[in-house]
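Please read them with the structure open.

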Amino acid sequence: MNSQTDTLDLAPRSRSLLDTAFLRLKRNRAAMASVWVVIAMSFAAIVGPWISPHPYNEVYNNFVGAKPSLTAYPKDDQVVPIAERALKRARVNVETINASRDKVEISIINRTDEPLDPRITRYLVRSDVFADVEMSIDEDDATRARMTADVKKLYFLMGTDQNGRDLLTRILISLRISLMVAGLATGVALLIGVTYGSLAGFVGGQLDNVMMRFVDLLYSLPFVFFVILLVVFFGNNIVLIFVAIGAIEWLDMARIVRGQTLQLKQKEFVQAAQALGVSKFNIIKRHIVPNIAGTVAIYMTLLIPKVILLESFLSFLGLGVQEPLTSLGVLIAEGARYMRNDPYMLIFPALTMSILLFALNFLGDGLRDALDPKDR
Amino acid sequence: MLNYTLKRLLTIIPTLFVIVTITFFLMRVAPGGPFDEERPLAPAVLENIRASYGLDKPLIEQYWTYMGNLAQGDLGPSFVYRDKRVHEVLGEGLPISMTLGATALTIALIAGVLLGTIAALNQNKRADYVIVTFATFGITIPNYVLAPVLTLILALSFNLLPATGWGTPSQMVLPVLSLALPQVAIITRLMRGSMLEALKSDHVRTARAYGLPLRKVVGKHALRSAFIPVLTYLGPAAAALLTGSIVVEQIFNIPGIGRYFVSSALNRDYTMVMGTVVIVATFVMIFNLIIDLLYSVLDPRVRYE
């Protein structure tokens, strides 16, 4: 080995802009906490609905509006009424019911003199509380029988909604929808905004003038109205709604990108590329877009909470995602309707939404401070 | 100044023209029509109804008819509220929505400016931290979360205020509060930042050096320049109040025009949609003009030729 490479390796590595930014972000405690909250929530949104014991659209008829509880459902005093309700439709008389923590013993007698049909066990199975139902018909009297069944343990940590669906699972799936919307719509806004802004800024002149007047015009429109019109126009197609939101949110992005491009255009390396005869499209692709990436990234993190808000707003009005899928806006709207008797239906979704928005806002602010080269 | 105002007022007309045109064709291209019902009408009946509203004519002809009527201030008949004209329906709700919005904006302005100034004067002290924390909460939480939560706490748990309705002052408290609070938060943050800057500026230091009392310096000299960013924000604030009022009117069951925003678009009530767009767009543009004119009042360097 020659010694020259050794000394080269020992030379201190210079800190890049990104390294500094990362260091500064690390020092910002609120932002770092937000990073973890966002990661945890995204993880819960992706994995949660899969590992949850309840499908998000499963309706538990016996547990409509069940209160949040850390212990399992059915509660001790619920087992007997549930079994009675299930067997009511079987047209048999219930003589005794013995319910323990996880087993139930029922003796029944048929209302008519005919022998009991063993298929009536289905009434118990269908009530989604009992499993492994067994029925032994009395050997002497075929109108009498003893049924035994296991009582399932169902956990509704955040209770169930007004249709008897597990609220925790629904919150997880709505988190997934909200984050998906945010990703897709921000992507669309990014694509349109960056293309439009860099083109207007780089070509300049009359084209720039026309393009930016168009943006000004769109700014002066009642913006919500156009989102509503677009949603009406596209129908209730979830993907198209995301695209519509993105197609509305690109205006700020276009303005910012145009401003940055105007500055970059004067730089020597761009002029050098022009002198070498590189095409306009290639200059935008290779020189302009990479140089505005930082600004765009900051703006993007601030755009994500805005998009989530807009989607929830539309869902709140009933224009967003449709049943049985759900989103935070839908859950909050439903919770508001039932808050009089079941305030938890409002509190849990509202809390989830607030935490997510807090984390995203803190993260966006932190990134903006960290990446600001003027503020060392 | 008068010239400028007139010029700006005149530019409202072509802008409105473009907005109305876009909305008109966007609405018409959308699938469905105002007379779609669950039990479809007999084709002959439908033809008759369509003909009586002029919907059977070519689209371009309908467009020019509508534009002609609009130029004379006629918004046309509503397709869904059958025996009413659009201006009647909107005329009932508009004063209510205006009262709601104006009250919320006034409260947001007063509270925001006050809180922001207090925070700036106590920079990095306890009052500042409390106000900044409050502002962060207010900015993050949207009104469709705030409104039901406030109702839950103030109306349902403690029974202090009525939960829905409109008319009495006590019924106004919750809607106005849920509409205003996010704006209070934003204005507070803006005001705090600009006031901090204004307090450091030369003319404020000079005024202090002359021995003017702090209250006078802040209230007269610093406030004037610190208010400019807040003034700039008033345009977006009006738009946010508009959006917010759709939600708030729905939650509190208030008979304003907010509900027509969504329902008329969903029902394909063409004239109603156009009517709300025209009214809202005109309102937003005039509001922006007033804000621009106010700049020259606050900042003598701004002059409109």
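1. Four strands of chain A make an open, antiparallel sheet in the order S1-S2-S4-S3. Strands are DSSP runs of E of at least two residues, helices are runs of H or I of at least four, and both are numbered from the N terminus; two strands pair if DSSP finds at least two bridges between them. The edges are strand S1 (92–99) and strand S3 (130–137) of chain A, each pairing on one side only.

2. The model is predicted: local features need pLDDT of at least 70 and side-chain atom pairs 80 or more, whereas totals for chains, interfaces and linings use all residues. Residues are numbered from 1 along each chain as its sequence is written, with chains lettered from A and ligands numbered from 1 in the order in which they are written.

3. S3(A) and strand S4 (residues 144–151) of chain A are joined in the antiparallel sense by six bridges. Phe130(A) has Val151(A) in S4(A) as its bridge partner.

4. Helix H4 (residues 76–88) of chain A lies across S1, strand S2 (103–110) and S4 of chain A, at about 160 degrees to S1(A). Such angles run from 0 to 180 degrees between N-to-C directions, with axes fitted to C-alpha atoms, for helices over the stretch in contact.

5. The domain assignment of chain A gives domain 1 (17–55 + 161–375) and domain 2 (79–151); such bounds come from an automatic or database assignment. The C-alpha centres of these two domains of chain A lie 55 Å apart.

6. The largest nonpolar core has 157 residues, and Val231(A) and Ile187(B) are among those with the most contacts inside it. A core is a set of buried Ala, Val, Leu, Ile, Met, Phe, Trp, Tyr and Cys residues joined through C-beta atoms within 7 Å. Helix H6 (residues 167–203) of chain A gives the most to this core, with 18 residues. A second, separate core of 19 residues includes Ala83(A), Leu87(A), Val92(A) and Phe130(A).

7. Val194(A) lies in helix H6 of chain A. Why does Val194(A) count as buried? Because Val194(A) has 23 C-beta neighbours inside 10 Å; the cut-off for buried is 20 or more, for exposed 12 or fewer, with partly exposed in between and C-beta atoms placed from the backbone. Beyond four places in sequence, Val194(A) is in contact (C-beta atoms, placed from the backbone, within 7 Å) with Met253(A), Val257(A), Val289(A) and Val296(A).

8. At the interface, 30 residues of chain B are in contact with 28 residues of chain A.

Technical notes
Two residues are in contact if their C-beta atoms, placed from the backbone, lie within 7 Å.
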